[in-house]
Amino acid sequence: MFLLATMVCEPARAAMLDVAAGDGLGEAIARAAPGDTLLLAPGVHRGSVVIAIPNLTLQGAAGAVIEGGRTGSTITVRAPGNVLRGLIIRGSGLSLIGKDSAVFLDAGADRAVIEDNVFEDNLIAIYLDGPRDAMVRRNRIQGLRTLRISERGPAISLWRTPGSQIVDNDIRSGRDGVFSVTSSHNLVRGNSFHDLRFAVHFMYTNDSEVDDNFSAGNGVGYVLMYSDRLRVHDNVSEDDRDHGLLFNYANDSRIEDNVVRGGKKCVFIYNANKNRFAGNWFEGCEVGIHFTAGSERNEITGNSFVHNRIQVMYVGTRRLDWSVQGRGNYYSDNPAFDLNGDGIADTAYRPNDLMDQILWRAPAAKLLLNSPAVQVVRWAQSQFPAIHPGGVVDTAPLMAPPRPSALARLAQ
């Protein structure tokens, strides 16, 4: 009787099942039991398959390809705990409205793991449409280059997927690298982004972290909009064309130890409030920081503005002090002295004055930049501070630039 009870109660053991190339993948998935592993042989396996059982693993041998045939999503996952590993997945459908993806995780696909795969020529590589705690890591994603960039989908799209992580992926040639909408508690870490519109694009994504990513040659590096309580740190933007960092209605966030080099604007802040910008390195941009549209109660301290054509562009008349507890920022064009050797310049620094504002509004006036009239205006402002137009003043500018760790990594 005890032996019979043991036989009845003992769960079935997970099986390792070989799947030959061809049209049999859908049938193999239908026959599999929870916990099984399907070992996909080298060659092309026909896609448009649905995984509706939990804890199934699809493991590809070298050269195992799942081909979607340009219709719908190549793999749809509807159950929790599934793993897709070591596969080449390509040929999704082309409907953005239909969310055609190489891998589509719906709201039932909690704790899915998508790792060590290669995604080629898909409209969207991975779409997380509501699962919790999914992991997407160490994948190589090449977007659909036959379409114009505005017609492509994001490489990885997140929608209401709390706790999900995007880690150590290499992403190229899509529209956005990671596009997150109406989500929370997400992590985007250690990814590399190239040849995209935006590397990371957040909309209504709160309580999330973006760190240690590398963005190069994109339209914009990190676009964070309508999102609160973010941690954005140790990221690199190298020669992104328009902006390295862009904040629009992003609030209560910490932006620390990032490096932006090259491009039109290192950082653009538009109506973003109660954020802390500290320890960042902004170098070689046309504008180091563009600060506008009523942004309030931001702390800007310990940053380095190095060889930007315009270090600070503040379009406003309010007086803003960019120092916190006696520590301001470093400006490479500040001809300052430090007679007491405390590392803080002896005089305040004004990164923009009346002539700067005239030049922003009438760029042709640059022809007069070295004229006696301009020099007289600037001398008068230095002697009579009351005629300053308002704007940014750093009352404790630094004599030496703090160097974030990400800058050291770039030099290696």
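Colleague: Which residue lies over the face of Phe198, and how far is it from the ring centre?

Modeller: Before I answer, please keep in mind that this is a predicted model, in which local features need pLDDT of at least 70 and side-chain atom pairs count only at pLDDT 80 or more, while totals for chains, interfaces and linings use all residues. Residues are numbered from 1 along each chain as its sequence is written, and side-chain values use heavy atoms, with hydrogens and water left out. The residue is Arg197, at 4.2 Å from the ring centre of Phe198. A charge sits over a ring if NZ of Lys or CZ of Arg is within 6 Å of the ring centre and within 35 degrees of the ring normal, so the 4.2 Å of Arg197 falls inside the distance limit.

Colleague: Why is the pair of Tyr204 and Tyr226 given its name?

Modeller: Rings of Phe, Tyr and Trp (its six-membered ring) pair if their centres lie within 6.5 Å, and planes under 30 degrees apart count as stacked, over 60 as edge-to-face and the rest as tilted. The two tyrosine rings have their centres 5.3 Å apart and their planes at 25 degrees, so this pair is stacked. Tyr204 belongs to strand β22, whereas Tyr226 is in the loop between β25 and β26, so the pair ties together parts that are 22 residues apart in sequence. Strands (E, at least two residues), like helices (H or I, at least four), are DSSP runs numbered from the N terminus.

Colleague: What makes the pair of Phe247 and Phe277 edge-to-face?

Modeller: Their centres are 5.3 Å apart, but their planes stand at 90 degrees, so the pair is edge-to-face. Phe247 lies in strand β28 and Phe277 in strand β32, so parts that are 30 residues apart in sequence are tied together. In total the structure holds ten aromatic pairs, and one aromatic cluster is formed by Phe282, Phe305, Tyr331 and Tyr349.

Colleague: Why is the contact between Glu115 and Arg85 called a salt bridge?

Modeller: A salt bridge is a side-chain nitrogen of Lys or Arg within 4 Å of a carboxyl oxygen of Asp or Glu. The closest N and O atoms of Glu115 and Arg85 are 2.6 Å apart, so the pair meets that limit. Glu115 sits in strand β11 and Arg85 in strand β8, 30 residues apart. Glu115 counts as buried at 5% relative accessibility, whereas Arg85, at 27%, counts as partly exposed. Both also belong to a network of salt bridges with Asp116, Arg137 and Arg138.

Colleague: How many salt bridges does the structure hold, and what places Lys99 and Asp129 among them?

Modeller: There are 23, and the side chains of Lys99 and Asp129 meet at 3.4 Å, N to O. Lys99 lies in the loop between β9 and β10 and Asp129 in strand β13, so this pair ties together parts that are 30 residues apart in sequence. Lys99 is partly exposed at 28%, while Asp129 is buried at 15%.

Colleague: What makes the phi of Asp133 worth a remark?

Modeller: Its phi is near 60 degrees, a positive value in a residue other than glycine. Asp133 is found in the loop between β13 and β14, and at 46% relative accessible area Asp133 is partly exposed. His307 also has a positive phi, near 55 degrees; His307 lies in the loop between β36 and β37 and, at 59%, is exposed.

Definitions and conventions. Buried means under 20% relative accessible area, exposed over 50%, partly exposed in between (1.4 Å probe, protein chains only).
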